[in-house]
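Let's take a walk through this one, stopping at a few residues along the way. Keep the viewer open as you read.

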Amino acid sequence: PGTIGLGALVTLRDTDDGTEESYTLVGDYEADPNNYKISVASPLGKQLLGHQSGDSVAITVNGFTTHYTIVSVS
């Protein structure tokens, strides 16, 4: 419990601007980024797997790095 895996609802805080977003980690066929469902195989999904609330992660996509703090996992 509390560790990010398939099916987890994860709330992230962008450490640069303080905004928060919540995502559900799903399989490839269920992925729907417009509805905040991201694949565990996506760059963000891969980086989140195995982390817990309070952890910091850096996600690099298309050459841009964003730093997040994991606010909650359920």
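N62 is an exposed residue, with a relative accessibility of 73%. That label applies because exposed means over 50%. Bear in mind that you're looking at a predicted model. To find N62, go to the loop between strand 4 (56-61) and strand 5 (64-73). Have a look at the backbone while you're there: phi of N62 is near 55°, a positive value, and the residue isn't a glycine.

Now move over to Y36. Here, too, phi is positive in a residue other than glycine, with a value near 60°. Y36 sits in a loop as well, the one that runs between strand 2 (20-26) and strand 3 (37-39). What about its accessibility? Y36 has a relative accessible area of 39%, which makes it partly exposed, because that label covers whatever falls between the 20% and 50% cut-offs.

The structure holds one aromatic pair, and its members are Y23 and Y36. Two numbers describe such a pair in general: the distance of the centres and the angle of the planes. For Y23 and Y36, the centres are 5.8 Å apart and the planes make an angle of 55°, so the pair is tilted, since planes have to be over 60 degrees apart to count as edge-to-face and under 30 to count as stacked. The pair links distant parts of the chain, with Y23 in strand 2 and Y36 in the loop between strand 2 and strand 3, 13 residues apart.

And is Y23 buried or exposed? At 15% relative accessibility, Y23 is buried, because the cut-off for that is under 20%.

Key: Residues numbered from 1 in each chain as written. Predicted model: local features only at pLDDT ≥ 70, side-chain atom pairs only at ≥ 80, totals over all residues. Heavy atoms only, no water. Helix = DSSP H or I, 4+ residues; strand = E, 2+ residues; numbered from the N terminus. Buried < 20%, exposed > 50% of the residue type's maximum accessible area, 1.4 Å probe, protein only. Phe/Tyr/Trp six-rings, centres within 6.5 Å; stacked < 30°, edge-to-face > 60°.
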